[in-house]
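Subject: Structure handed over, with notes

Dear colleague,

Please find below the sequence and structure that I am handing over to you. My notes on what was found follow directly after them.

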Amino acid sequence: MLKTPLSGLAKLLLCCSPWFLNVASAAETLSNPTIENRIDDLLAKMTLEEKIGQLNQYSSSYDLTGPKPEDGRELARYEDVVNGRVGSMLNVLGAEATLATQKLVVENSRLGIPLIFGYDVIHGYKTIFPVPLAEAASWDLEAIEKSARISATEAAAAGLHWTFAPMVDVSRDSRWGRIMEGAGEDPYLGSRIAVARVHGFQGGSLADVDSLAACAKHFAGYGFSEAGRDYNIADFSESTLHNIVLPPFKAATDAGVATFMNAFNEIGGEPATASHELQTVILKDHWGFDGFIVSDWGSIGELVPHGVAADENEAALVAFLAGNDMDMESSAYRHHLAKLVEQGRVPMERIDDATRRVLRIKFQLGIMDNPYLYSDVLREKQALLNEEHLAAARDIARKSIVLMKNEGALPLEKNTGSIAVIGPFAADKDSPLGSWRAQAEDNSAVSLLEGIQAAVGPGVEVLYAQGAALATGERNFTTELTLNDSDRSGFDAAVQAAGKADVVILAIGEDAYQSGEARSQVDVGFKGLQEELLQAVLKVNRNLVVVLMNGRPMTIAQADESAAAVVEAWQLGSQSGHAIADVLFGDYNPSGKLPVSFPRHVGQEPLYYNYKNTGRPTSPGGMVFWSHYTDSPNTPLYPFGHGLSYTTFGYSDPVLNTTELAMDGTLTVTFTLSNTGERAGTEIVQLYVRDLVGSNTRPVRELKGFERISLAAGESRVVNFELTSADLAFYSARRQWEAEPGDFELFVGGSSAATQSARFTLK
Ligand code: BGC
């Protein structure tokens, strides 16, 4: 039997968040009286079946414009499309295909309501940018916005209206493969990046022909999949929900995001897709979101295996009443909603509300007036992979690189006698594209080897040896990866090249399809023969630079100890090799900072800088009874916010304009940043705050501000941050968002391990 879908939990939790007080903004920006009147007129003409059609989304699995499919299921879906029983399609790609499919619908269905075409444009369409986690390491909001803007320009020219991005799931667990798709572990950085991405995708106005409707996903808690296993349950506290999980979604809403996607996971027993509290109470009622919510792929049907609905009929009922507007691919709405309305179990007002939300976005995109607006073969040709887009991809790629360690091995001289480029990713033109690479051609990235060859002078000898492949056989989005655990036939050549060279660049890490959806791992170290290769090479040449290519934080302790330098080069997209070479040779002075903690050991996961102190933070008199591991330090190998430069930076101690901040006052934090080295460089200065005593326990520190500052060698600059009580607010023991009077400590520096501090009191 169907049980009441909604838990009282979130209801309790959310009754008085101040987010609710300030919620008119999103609604006001989205609603427009002319559009609302036109929707009224249209709704008056629509049959129940046509309305439900708008709430149904299919993926394209064959050429709709070709001969009619023979297979029964496909034929039924084809008939649905041409008869207006589908409101959106995903995975119809390219100006020609979208145009032809749109014509089919507009010319054949009774009301000719156009489809909205959606696709996962996650980090580029044809021109591929760094994977989102890598981009987050740039902390460069302008560059991140630009990357989304270009992705939108390309995808819109190919006829798409809607991207299923940004993923704004905070994640603290490197075992979870989808950590590559978000902005890392911090809600503040994640919120700022969420806004940049929404603005980038949606541009100045959804009505612009190069804008995509964005989609904040996955609402909510998906990044907390238990034990890092994808699709697993999430089970976290009310405090974590409000203080960590929801802020980036709220920020996306305030930035005017057009759509939301719910999530596969349950939270504390309630699947997100069935959550009235999340979808209706928080998002629509309190935050004032008036776009629409799409389910995740098949997640309505999955309410049956979750065990909260007995069958597809109940699943449709629960999800729809919970507030999910559009059904991606489960067909549950198509099959059951009409009957549920007739039975009086689903009110007509809810059907009208969901249909209105979908139509609203279609009107805003301009496709109700011109359904063919986006599909433009010429524009598509000019936009895809053009020079300007590639230059921007190179720029954000090099800004995303994090110099983790450097014992003077870098930067390399361009006239270094000989360089050995070794490793499974040294000449790999595919893995740098990462997962979710949209329409990139396979093997189309600039490899590291190509990047180095293009950067060095003619007198330099560049030797290449793969050493060992990481994966064997087929690699793609849908299949498991088979690792090479035994073929060492390339080792000799690698050792020989290393022995001859002045410096070894060893490219190791992860295959593109090792992270991303359904790519959870219990071991986040180097797979296959990579560490063995490193040791073999190290025996003949200790001047070894590790270039890491990966989509998630990895356990790199051994490699890190052996190497003279470690460069975190993630999966940087189309221009990967050029961007890495820019950094290796010092044409670009690295400035990236980690958006996630790097563990010493996978057993530390979930690992994050904004942890709680616990009641036993230190050892009592040398005894064991404190919160620690007996076989590893608690600290990460590299903390959140860490990243080196080829120059060095000095910070003066922070000075405050007052040590007593009034609830309506402003605290100004001032310090001087100096470039104390011999090169120009960019530092990302960071401000952290600790609330020393709260009604609930508070994190040991929380990021509250950051800025990218570029200084010439020897130059200094005075830096100011401002804080108000709003910046100190949190979801408190009183179940509301508030700043509590009391003492605070703040820290300024170049990572979350910053030590220079000052204290103040909030009165
Ligand atoms: C993913 C979503 C994605 C959707 C459509 C799902 O499996 O979880 O993030 O947008 O597929 O491709």
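Helices (H or I, at least four residues) and strands (E, at least two) are DSSP runs, and they are numbered from the N terminus. The structure is a predicted model, in which local features need pLDDT of at least 70 and side-chain atom pairs count only at pLDDT 80 or more, while totals for chains, interfaces and linings use all residues. Residues are numbered from 1 along each chain as its sequence is written, and side-chain values use heavy atoms, with hydrogens and water left out.

Pocket and cavities

Rolling a probe the size of a water molecule over the atoms shows where empty space is left. The search uses a 1 Å grid over the protein atoms alone: a cavity is a set of points where a 1.4 Å probe fits but cannot get out, whereas a pocket is an open set with protein on both sides within 12 Å along at least five of seven lines. A lining residue has an atom within 4 Å of a point. Grid points are joined across faces, edges and corners, and a volume is the space filled by probe spheres set on the points.

The largest pocket has a volume of about 1,000 Å³. It is lined by 41 residues, and those closest to its centre are Tyr608, Tyr609, Tyr611, Lys612 and Val700. The largest share, four residues, comes from α10. For the classes, Ala, Val, Leu, Ile, Met, Phe, Trp, Tyr, Cys and Pro count as nonpolar, Asp, Glu, Lys and Arg as charged, and the others, Gly among them, as polar. The lining of the largest pocket has 18 nonpolar, 17 polar and six charged residues.

There are six cavities of 30 Å³ or more. The largest cavity, with a volume of about 70 Å³, has among its lining residues Met46, Glu50, Asn83, Arg110 and Ile113. Its lining comprises four nonpolar, five polar and two charged residues. The second largest cavity holds about 60 Å³ of space and is lined by 13 residues, of which Met167, Val168, Asp169, Ala183 and Gly190 lie nearest its centre. Helix α9 supplies the largest share of that lining, four residues. By class, the second largest cavity is lined by eight nonpolar, two polar and three charged residues.

Axes are lines fitted to C-alpha atoms, for helices over the stretch in contact, and angles run from 0 to 180 degrees between N-to-C directions. A crossing is left-handed if the near helix is turned anticlockwise from the far one by less than a right angle, and right-handed if clockwise. Contact means heavy atoms within 4.5 Å.

The axes of α8 (residues 141–157) and α9 (residues 187–202) come within 7 Å and cross at roughly 35 degrees, and the crossing is right-handed. Among the residues in contact are Leu141, Ile144 and Ala148 of α8 and Ile193, Ala196 and Phe201 of α9. The contact of α8 with α9 contains seven nonpolar, four polar and four charged residues.

The axes of α8 and α18 (residues 387–400) come within 10 Å and cross at roughly 145 degrees, here in a left-handed crossing. Ala143, Ile144, Lys146, Ile150 and Glu154 of α8 meet His389, Ala392, Ile396 and Lys399 of α18.

Backbone details

Two cis peptide bonds deserve a look. The bond from alanine 165 to proline 166 is cis, with omega near 10 degrees, and proline 166 is in the loop between β4 (162–163) and α9. The bond from glutamate 605 to proline 606 is also cis, with omega near -5 degrees; proline 606 is in the loop between α23 (576–584) and β19 (649–651). Glutamate 329, a residue other than glycine, has a positive phi, near 70 degrees.

Yours sincerely
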